[in-house]
Structures are given as C-alpha cells and as structure tokens.
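Reader: Hi! Could you walk me through this protein, starting with its pockets?
Author: Happy to, let's look at it together.

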Amino acid sequence: MRVLLLLVVTLLVAGVLASPAKKKTEHKKAIREKKQHVPVAFEENGPAEQEEETADDEEEETAAEDADDEEEAEDEETEVNKPRTNPCAHHVCGEGRTCAVNELDLPYCKCAESCVKQTHAMTEVCSSHNNTYPTECHLYRQRCLCENESPECATPKNKHEHVEYRGKCVAIKECLPFEMADFPTRMREWLFNSMKFRTERNDLAEEYLPLEMEALKKPQLRLANSAIWKFCDLDQTGDRKVSRHELIKLKAPLVRLEHCISPFLDNCDVDGDHYITLSEWGACLQLEEEQIIDKCKRYHEQQIDHNWVF
C-alpha cells in the first residue's frame, strides 16, 4: 500500500514539473508560427523601413519592365530596317536569260531583255544552224524567245539552236563516208593521247589519275579508260548524259581541225533526244559494251569532296 501511494505522489510531482515546460514549448511554437505570417522586413526594420524597401522594389521592377519594352522596340525597329534579301541573289539563270521576281516574291528565269554588244571577234560564236552571233548570250536569248514563241523569234527552229563552235561561222567541208568510217579510230587515239598529255602536264584532275595509270598497265583498257574519262569530264551536271551544250567543251576547239567531229557527235545521239549517254558514247567509239563502266558517280563525288567547280 505504501508503495502504491509513493508511486502516485511521484507521478503527480512529475506532472507539475513538466507542465511549465510544456506550456513554454507551446508558446515558442505559437511565436514561430506568428513570425511566419509577418514579413521579415517588419521583424527587422519596422513598418517605415519596410515601406521604403517596398517602394524601391517597385521602382526596380518598373525599370526592368521599361528596359524590356525598349529592347523589344529596338528589335522591331531592327527587323523593319533590315535590308530585304534579293530573291534573285542565289538564283542562277543560263546564258540569254535573266532572273525576275513574280507576284509571290519568288525568283524565276525569263528571256533577257538584251545582251551586251561585243566587238571583239573572240566573243563570236557559230550556231548549229550556221548563224554567227556576237556572243553566247545573243544566241541563247534567241533560243529562249523561240521556246516561248515570242514575236522576236526569228524562226521556230531556233528553239533547238546551240553553239557549234567559237568564232565566226566558216565553210566546213563535208565529211565523206570513208572519213567517217575511220573517224572513231582516230577519235579513240586522240582521247588517249589527250589524257596522257594532260597527265604529263599535271593538268589531269586528281580523281582521274587511277584511270590513266590503269590504262598504262593494261593496254587493253587504254582506249576504254580514256573514253570514260572524257565522258565523265564532259558530264558537268553528273546526270550520266552529255548535253549538246556540254559537248561544246570538246567540239569547239576541234571543228576547224576535224571537219568530221560535228556529224560524228550527231550520230552518237542515236535516239535523237539531244543527249549522249555513256552507252551511246561507247558504241559511237566502237568500244565493247562490257568495257564501258559507269564510274562517273565516283569521280563526281570526289570532285565535290575536293570542292572543285564543274
């Protein structure tokens, strides 16, 4: 019984002693919660100083907004005053044509209004219709006008006119049948010697050197390789066919020396589509079909890698 009484007294004393501590803890907690709802500035500086700091904050915020507005206005003004890009700046048109802009502000090519008149004989060209023009521009402007059925077109057949050779038109003697029969052989030899001569002068494009080296090691390939080289070299657009315009590079220097070159190349275009394919080129030079391999893609890719201009 005494033990029980002693235990009750002990618990009562502990409760009395603990009650102030509990109240003190609860009071501190309430103060902390109250502080959470009171701005820090009021706790540290008081109402007057808090009002001053609030005003400063508002001024800073207003200044920042004004700066943003000014920056946006400057950007808009810069956009308005920015020089307008010419749609024709990177739109390339061929000889005898010029770039114009349509109603959608898009570039397109139209026939040139005129061509610069040249008096130098070196600028003259002879057309496939045996017409002498002051420049290539004059010839291809006439072709453009005829393609568009313009009243300025001299004759409808001029829509297929192209440069035959450079210089004033002269009388070219007729290529006789026996001369034409012998011409492919002479052409094959000329192509090989031309490739070899360019190599000796370090004038052969680097990507074609393996063709020349292979031709020297394997005599049976020397004529085929030189033919492949010339075809790839003429095919400036890399579309695996040589246009009449691309043939100028080959034909122009030879016309006055080789009167059979023009009819020979005309005969190479078997289907008459104004293009010569690699197979037509090989057949025209009387080469075996299996000897003519399309290697142009590889060489054109190498030219692009070397940043060469066609």
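Reader: How do the residues of the lining of the largest pocket divide into nonpolar, polar and charged?
Author: The lining has three nonpolar, six polar and five charged residues. Here Ala, Val, Leu, Ile, Met, Phe, Trp, Tyr, Cys and Pro count as nonpolar, Asp, Glu, Lys and Arg as charged, and the others, Gly among them, as polar. A pocket is an open set of points on a 1 Å grid over the protein atoms alone, with protein on both sides within 12 Å along at least five of seven lines, and lining residues have an atom within 4 Å of a point.

Reader: Before we go on, where do these values come from?
Author: This is a predicted model, where local features need pLDDT of at least 70 and side-chain atom pairs count only at pLDDT 80 or more, while totals for chains, interfaces and linings use all residues. Residues are numbered from 1 along each chain as its sequence is written, and side-chain values use heavy atoms, leaving out hydrogens and water.

Reader: Ok, which residues lie nearest the centre of the largest pocket?
Author: Arg97, Tyr140, Arg143, Glu147 and His245 do, out of 14 lining residues. Helix H4 (136-147) and H8 each give two or more residues to this lining, and H4 gives the most, with four. Helices (H or I, at least four residues) and strands (E, at least two) are DSSP runs, numbered from the N terminus.

Reader: And how much space lies in that largest pocket?
Author: About 360 Å³. A volume is the space filled by probe spheres set on the grid points, which are joined across faces, edges and corners.

Reader: What about the largest cavity, which residues line it?
Author: Arg244, Leu247, Lys251, Leu265, Asp266, Asp269, His274, Tyr275 and Ile276 line the largest cavity. A cavity is a set of points where a 1.4 Å probe fits but cannot get out. H8 supplies the largest share of that lining, three residues, and about 50 Å³ of space lies in this cavity.

Reader: Switching topic: why does serine 127 count as buried?
Author: Because its relative accessibility is 2%, and buried means under 20% relative accessible area (1.4 Å probe, protein chains only). Serine 127 sits in strand E3 (residues 125-127).

Reader: Which residues is serine 127 in contact with, leaving aside neighbours within four places in sequence?
Author: Tyr133, Leu139, Glu161, His162, Val163, Glu164 and Cys169. Contact means heavy atoms within 4.5 Å.

Reader: Last one: how many helices and strands are there in the protein?
Author: Eleven helices and seven strands.

Conventions:
Buried < 20%, exposed > 50% of the residue type's maximum accessible area, 1.4 Å probe, protein only.
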